[in-house]
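Me: Please take one close look at the pocket region of this model and at the aromatic rings around it. I would like a single connected account, with the cut-offs stated.

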Amino acid sequence: MGTPYVVTRSTTTSAPPAAVHALLEDFHAWPRWSPWEELDPAMRRTYSGAERGPGARYAWDGNRKAGRGTMEIVGSTPEQVDVDLAFEKPFPSRSRVEFVLTPQATGGTGVEWRMRGELSPVMRVFSLVKSMDSLVGPDMERGLARLRAAAETPAG
């Protein structure tokens with residue numbers, strides 16, 4: 001049994017919840033906002049399963065920074081999108097990613113991005129030097145800023 005961890009970041013956007021939700025439940029839209037998409041311009045991406053929502057799958061294989069892994073949307077409601085995340089490289093790990101959307105009185109959306117999982121023995125040793133929060137949190141902050149911009153700007 002690994003040591004549990006949770007990393008959480010949040011933002012608010014002027015975009016309505018449906019616009020944010022559309023960017024989250026469609027892996028084809030993730031290159032517009034994901035902070036990890038630019039780590040390897042030559043990264044190979046494979047989409048399978050459903051076009052969007054539960055059952056949609058995304059696999060990537062990239063350089064050392066991007067690594068290799070898969071994601072699958074396992075839950076989607078207007079208020080939340082849940083993703084199972086599995087890394088194969090740089091080291092094996094599984095996490096649950098949750099995006100919680102809260103409609104704002106202004107018509108905008110509060111977005112909370114949570115990543116939870118368990119630290120493997122290798123990750124536990126690494127976390128003595130750099131915590132999961134300090135490792136992933138800044139990327140999540142960058143991703144939320146990009147998500148906010150993408151949701152507020154029509155695709156085109």
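**The pocket and the aromatic rings**

Reply: The largest pocket has a volume of about 650 Å³, where a pocket is an open set of points on a 1 Å grid over the protein atoms alone at which a 1.4 Å probe fits, with protein on both sides within 12 Å along at least five of seven lines, and the volume is the space filled by probe spheres set on points joined across faces, edges and corners. The model is predicted, so local features need pLDDT of at least 70 and side-chain atom pairs pLDDT 80 or more, while totals for chains, interfaces and linings use all residues. Residues are numbered from 1 along each chain as its sequence is written, and side-chain values use heavy atoms, without hydrogens and water.

The lining consists of 30 residues, with W36, K65, A66, F87 and D139 lying nearest the centre of the pocket; a lining residue has an atom within 4 Å of a point. Two or more lining residues come from each of β3 (56-61), β5 (80-89), β6 (93-103), β7 (109-119), α2 (121-127) and α3 (132-152), and the largest share, five residues, belongs to α3. Helices (H or I, at least four residues) and strands (E, at least two) are DSSP runs numbered from the N terminus. By class, 22 of the lining residues are nonpolar, three are polar and five are charged, with Gly counted as polar and Trp, Phe, Tyr, Ala and Pro among the nonpolar types.

W36, one of the residues nearest the pocket centre, also belongs to a cluster in which ring pairs link F27, W30, W33, W36, Y47, Y58, W60, F87, F99 and W113. Across the whole structure there are eleven aromatic pairs, a pair being Phe, Tyr or Trp (six-membered) rings with centres within 6.5 Å, called stacked under 30 degrees, edge-to-face over 60 and tilted otherwise. The ring centres of W36 and W113 are 5.8 Å apart with planes at 80°, so this pair is edge-to-face. Because W36 sits in the loop between α1 and β2 (44-49) and W113 in strand β7, the pair ties together parts 77 residues apart in sequence. W36 is partly exposed at 25% relative accessibility, whereas W113 is buried with a relative accessible area of 2%; buried means under 20%, exposed over 50% and partly exposed in between (1.4 Å probe, protein chains only).

W30 and W33 are both buried, and their ring centres lie 4.7 Å apart with planes at 50°, so that pair is tilted.
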